[in-house]
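Here is a short report for a reader meeting this structure for the first time. Take a look at the sequence and the fold before reading on.

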2 protein chains.
Amino acid sequence: MPRKPSYDRDALIAQARDIFWRYGWAGTSLKDLERELKLKPGSFYAAFGSKDALYALALERYAQDGVTNMMDMAQELGPLGALKAQPLRVIEAADIPTKACMLSKTYAELQARDHELAAQARAHMVEMKACFAELFRRAQEAGEIGTDHDPDRLAARYQSDLLGLRLSAERDDVNGVEIANEIAADLDRL
Amino acid sequence: MPRKPSYDRDALIAQARDIFWRYGWAGTSLKDLERELKLKPGSFYAAFGSKDALYALALERYAQDGVTNMMDMAQELGPLGALKAQPLRVIEAADIPTKACMLSKTYAELQARDHELAAQARAHMVEMKACFAELFRRAQEAGEIGTDHDPDRLAARYQSDLLGLRLSAERDDVNGVEIANEIAADLDRL
DNA sequence: GGCTTTATTGAGCGATCACTCAAGTATATA
DNA sequence: TATATACTTGAGTGATCGCTCAATAAAGCC
């Protein structure tokens, strides 16, 4: 008896993710979303409930893709290969709205007001860090790097370097490729 | 004939800087500023003209203090000493509103909309990078580090690492001190 | 003290914010 | 085809946004 929605919900979430990613939480108005997603307010709220709820879905999608992508790369290039490839990959991806990390942008924008989305972003960054640690551990087991460093510490430093790189790569006065290569080269000294 | 203002303009700018630094541009409303600075709307606009104008003054103050502080440290600790001390200093300062850099927060928040304040923040980051490069150059001249690296590249990487550190240090799942020490230790290998 | 000049005050401006809802429309089932 | 069940529409909600301005108060100069 019902009537099917005329839109592709998953595609809308991906589109919303890109808009939020680029312009931030406060920087994206409902009008922006309605215009880009081609949804009237009524449809928007029927589909997603609220701006924050859609942002949460977008963040979830973003984080999930991040972990998946990293693990896929590890499958193909090995753990160390994936860790070395990620810096360049992340700033040279052609179709991303901005080079900076959406998790860190969300956290930086909303943490001071104790927004729930900041907590969600932080949780996803913890997941991502654990993913990196797992790859460092595997790289050690595979003999690709020495075992004289704690994988968790390596992961924390690596993640920090990546966040800095992705922030810096937004600026045109910075040569992101150089920094990315240096981060990758650092891993060879382990 | 005139009447003197009852407030200390410089102190108000410093106070506004801390609020903007913490909560961001969109995250700070005029009501917030009026309440914290204890200014009614009329006085506020008579004194500063607009929210953006005050933000610009706050950014200017922030950037100026950053360079001054770095140069003062170099005077006391030498160029390499200052570069090595900065990572720890910047995340352990007791009275700062947030550990993340105000320039990078401003740039990340406003760049996508081509806001004038984003351009101002970027310009200040270029200045800061040049300050780092100058210290690397002096460190080379003083024989504190080798001359086989380009000071500008070293500065770009160093600044990127600092931005990452300061972003990461906001999170309680990250040991900022460890990362800061590693960044400092990296400089000894040059 | 009188006058001029500026600071202070706060009600209120239009615009925009996230969001609601009643009316209209399209579709799957019976 | 008739009916039930959603989806779609867009005018409109109260709240808040950055900001203005006329009225009032206070200080320096004569």
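## Chain A at a glance

This is a predicted model. Chain A holds 8 helices and 0 strands. Read from the N terminus, its elements run α-α-α-α-α-α-α-α. Along the principal axes, its C-alpha atoms fill a box of roughly 60 × 45 × 30 Å.

Chain A has 190 residues, and 50% of them count as buried. Consider the contacts between residues at least 6 apart in sequence: 67% of these join residues at least 24 apart.

## Surface and charge

The accessible surface of chain A comes to about 9,100 Å². Carbon and sulfur atoms account for 50% of that surface. The chain carries 25 positive and 31 negative side chains. The centres of these two sets lie 7 Å apart.

## Lys105(A): a buried charge

Lys105(A) sits in helix 5 of chain A, which spans residues 102-110. Lys105(A) is buried, yet it has no salt bridge. Which side chain of opposite charge is nearest to Lys105(A)? That is Glu170(A), 6.7 Å away. A salt bridge would need a side-chain nitrogen within 4 Å of a carboxyl oxygen.

A backbone atom does approach the lysine: the oxygen of Arg22(A) lies 3.0 Å from a polar atom of the Lys105(A) side chain. Leaving aside residues up to four places away in sequence, Lys105(A) touches Trp21(A), Arg22(A), Thr98(A) and Ala100(A), and also Ala108(B).

## Leu39(A): buried in a loop

Leu39(A) belongs to the loop between helix 2 (30-37) and helix 3 (41-48) of chain A. Why does Leu39(A) count as buried? Its relative accessible area is 6%, and buried means under 20%.

Beyond residues up to four places away in sequence, Leu39(A) touches Tyr7(A), Leu12(A), Glu34(A), Phe44(A) and Phe48(A). Ile179(A) lies elsewhere: 140 residues separate it from Leu39(A) in sequence, and the C-alpha atoms are 41 Å apart in space.

## Ala133(A): buried in a helix

Ala133(A) is part of helix 6 of chain A, residues 116-141. Is Ala133(A) buried or exposed? Ala133(A) counts as buried because its relative accessibility is 9%.

Its contacts, not counting residues up to four places away in sequence, are with Pro151(A), Asp152(A) and Ala155(A). Phe44(A), one of the residues that Leu39(A) touches, is 89 residues from Ala133(A) along the chain. The C-alpha atoms of Phe44(A) and Ala133(A) are separated by 39 Å.

How values were computed: Residues numbered from 1 in each chain as written. Chains lettered and ligands numbered in written order. Predicted model: local features only at pLDDT ≥ 70, side-chain atom pairs only at ≥ 80, totals over all residues. Heavy atoms only, no water. Helix = DSSP H or I, 4+ residues; strand = E, 2+ residues; numbered from the N terminus. Buried < 20%, exposed > 50% of the residue type's maximum accessible area, 1.4 Å probe, protein only. Lys, Arg positive; Asp, Glu negative; His and termini not counted. Polar contact = N/O pair within 3.5 Å; in protein donor to acceptor, adjacent residues only side chain to side chain. Contact = heavy atoms within 4.5 Å. Areas by Shrake-Rupley, 256 points an atom, 1.4 Å probe, with all protein chains shown as cover. Charge placed at Lys NZ, Arg CZ, Asp CG, Glu CD.
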